[in-house]
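Here's a walk through one protein model, strand by strand and helix by helix. Have a look at the picture, then read on.

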Amino acid sequence: MLSFFKAYKKFAIVFGVISIIIIAIIYNTLNVYQPLPIYQPAMVSTELVDSTIQHQKKYHKIADFSLTNQNGKTITQNNYKNKIFVADFFFTTCQTICPIMTNHMVEIQKEIVNDPDVMLLSHSVTPEIDTVAQLKRYAEEKGVNDKKWNLVTGNKKEIYKLARKSYLAVKDNGDGGPFDMVHTENFMLIDKKRQIRGFYDGTNPKDIDRLLEDIRILKEEK
């Protein structure tokens, strides 16, 4: 009887070791690194894509831009060179979705404040109202870190073209004219090559958690 239990003990140990190895293999298989998609216009709902680029399947990037931030400084694509960044479109007098979006951007800022690879970029969609002085007041009120987060104003047509043809952020059509209005809750995650890697609902806390996780995934890319 004693010899039976000794033999069983050996079997149990061997079985336990094999089970641990199998579980580890399964775990590692299920947790293989999966890169984020690189969004092209053809991959996105046609509602969000300007008709002139709807069929584009590759090479889509955020276009060059030149806008002015809350400190009166000219901000271009060069300020975001080799940076991962989160972009959105807002206006300081908005009383609906924008305050929620801004609060979520503040949360993201807290998470990335010490990360030199990640920045934020918020475009005003009412540049005629959101002057440099207005943006500065808003930035101070919200606790914007100037080194991490630019609130930008500038030419309305340029901003609206960026929203529609670069960031693929807006569901409606328009020409950036006096009666045109962009209003979107979308946050876009942009990689170091100025490619779109994710879309998120800037009013949804769960999407903000997903965005932060996707930033971590993106930072693992070589």
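Phe89 stands opposite His123 in strand S4. That pairing belongs to S3 and S4, which run in the parallel sense over seven bridges; two strands count as paired if DSSP finds at least two bridges between them. Helices (H or I, at least four residues) and strands (E, at least two) are DSSP runs, numbered from the N terminus. Before going further: this is a predicted model, where local features need pLDDT of at least 70 and side-chain atom pairs count only at pLDDT 80 or more, while totals for chains, interfaces and linings use all residues. Residues are numbered from 1 along each chain as its sequence is written, and side-chain values use heavy atoms, with hydrogens and water left out.

How covered is S4? Seven of its seven residues are buried, buried being under 20% relative accessible area, exposed over 50% and partly exposed in between (1.4 Å probe, protein chains only). Val118, Leu120, Ser122 and Ser124 point one way from S4, with Met119, Leu121 and His123 pointing the other way. S4 also pairs with S5, again running parallel, through four bridges. There, Leu121 sits opposite Asn150 in S5.

## Two crossovers

S3, H2 and S4 form a right-handed β-α-β unit. Right-handed here means that, with the strands pointing away from the viewer, the path from the first strand over the helix to the second runs clockwise. S4, H3 and S5 make a right-handed β-α-β unit too.

## Helix H3, inside and out

Which residues of H3 are buried? In this helix (residues 132-142), they are Gln134, Leu135, Tyr138 and Ala139. Seen down the axis of H3, the buried residues fall within an arc of 135°, so they line one face of the helix; the arc is that of the directions from the helix axis to the C-beta atoms. An α-helix has 3.6 residues a turn, so residues three or four places apart point the same way.

On the other side of H3 you'll find Arg137, Glu140 and Glu141, which are exposed. The cover over the buried residues of H3 includes strand S1 (66-68), strand S3 (84-90), helix H2 (97-112) and strand S5 (149-152), with contact meaning heavy atoms within 4.5 Å. Just after H3, Gly143 takes a positive phi of about 80°.

Strand S6 (residues 186-190) is another mostly covered one, with five of its five residues buried. Asn186, Met188 and Ile190 point one way from S6, and Phe187 and Leu189 the other. S6 pairs with S3 in the antiparallel sense over three bridges, and Val86 is opposite Leu189 in S6.

S6 also pairs with strand S7 (residues 196-201), antiparallel, over five bridges. Phe187 has Tyr200 as its bridge partner in S7. The hairpin of S6 and S7 has five residues between the strands, and Arg194 takes a positive phi near 65° in that hairpin.

## Salt bridges

How many salt bridges does the structure hold? Ten, each one being a side-chain nitrogen of Lys or Arg within 4 Å of a carboxyl oxygen of Asp or Glu. Asp117 and Lys219 make one of them, with the closest N and O atoms 3.2 Å apart. This pair links distant parts of the chain: Asp117 is in the loop between H2 and strand S4 (118-124), and Lys219 is in helix H5 (residues 205-219), 102 residues apart. Asp117 is partly exposed at a relative accessible area of 25%, and Lys219 is partly exposed at 37%.

Asp191 pairs with Arg197, with the closest N and O atoms 2.9 Å apart, and both Asp191 and Arg197 are buried. Arg210 and Asp207 meet in a salt bridge as well (3.4 Å, N to O). Both lie in helix H5, three residues apart, about one turn of the helix. Arg210 counts as partly exposed at 37% relative accessibility, whereas Asp207 is buried with a relative accessible area of 17%. Salt bridges that share partners also join Asp115, Asp117, Lys192 and Lys219 into one network.

## Two loop residues to look at

Tyr59 has a positive phi of about 70°, although it is not a glycine. Tyr59 lies in the loop between helix H1 (2-30) and S1, and at 68% relative accessibility Tyr59 counts as exposed. Asn82, not a glycine either, has a positive phi of about 60°. You'll find Asn82 in the loop between strand S2 (74-76) and S3.
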